[in-house]
Amino acid sequence: MKISACLLVVILPVCCYGHWKELLDETLTTLAERLEDAQMIDDILYKQGKSTFENCGSSSDPIDLVSFIVQPDPIKVPGNVTVSFSGKLSTDITSPIAASIVVKAEKFGIRFKVSSQKIPDVCSMLPSGSCPPVLVKAGIPCHCPFKAGSYSSSLTIALPAVKKHIPSTTVWIQVKLTHNDKELGCYSLTTGITSG
């Protein structure tokens, strides 16, 4: 998930909290339901502190995410998660910015799909007025187009409580961004998640 992917991950929960809280709650509840059967051996299988971040796109993509760190590791739900990133956009990125988000969980060395979302235009979900203060303070834009340049920030996002217990597991999240079917960037994050 390059810079736009990072911006998506960071901006959308802040700007569109109601919609994203609902989506996050649904995804985390589904994750908890699918992991219930494996709950007894979670502690044996899960290895803490093994977050990885990978470029699943091309080195020529306009979004170049240099670093992406999620803390704490594992992520605790409910709880706060701090996302730190740095990277650059080699060109302005304009609407429409389509996003494909896939979330998978891993048990017994096997990944299974928890959630898959396609957003036709991320720009249409962003606020039309002033940016939230937390983004302004961090120097992160919250309107399209996203201007070429370097970006880096560290933001903390509150993860809501979910109705079910989430057994400790490894989660794989992939975000792919495109503009008129041309890839802007693709990144994946593998990290741990557990009930807080």
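**Exercise 1.** Classify Glu 106 as buried, partly exposed or exposed, and find its salt-bridge partner.

*Solution.* Glu 106 has a relative accessible area of 30%. Buried means under 20%, exposed over 50%, and partly exposed in between (1.4 Å probe, protein chains only). Glu 106 is therefore partly exposed. A salt bridge needs a side-chain nitrogen of Lys or Arg within 4 Å of a carboxyl oxygen of Asp or Glu. Glu 106 forms one with Arg 111, with the closest N and O atoms 3.6 Å apart. Arg 111, at 41% relative accessibility, counts as partly exposed.

The model is predicted: local features need pLDDT of at least 70, side-chain atom pairs count only at pLDDT 80 or more, and totals for chains, interfaces and linings use all residues. Residues are numbered from 1 along each chain as its sequence is written, and side-chain values use heavy atoms, leaving out hydrogens and water.

**Exercise 2.** State how many salt bridges the whole structure has, and locate the partners of the one formed by Lys 147.

*Solution.* The search finds three salt bridges. In one of them, Lys 147 pairs with Asp 92, the closest N and O atoms being 3.8 Å apart. Lys 147 sits in the loop between α4 (133-138) and β7 (149-159), and Asp 92 in the loop between β4 (79-89) and β5 (98-107). The two are 55 residues apart, so the pair links distant parts of the chain. Helices (H or I, at least four residues) and strands (E, at least two) are DSSP runs, numbered from the N terminus. Lys 147 is partly exposed at 47% relative accessibility, and Asp 92 is partly exposed at 39%.
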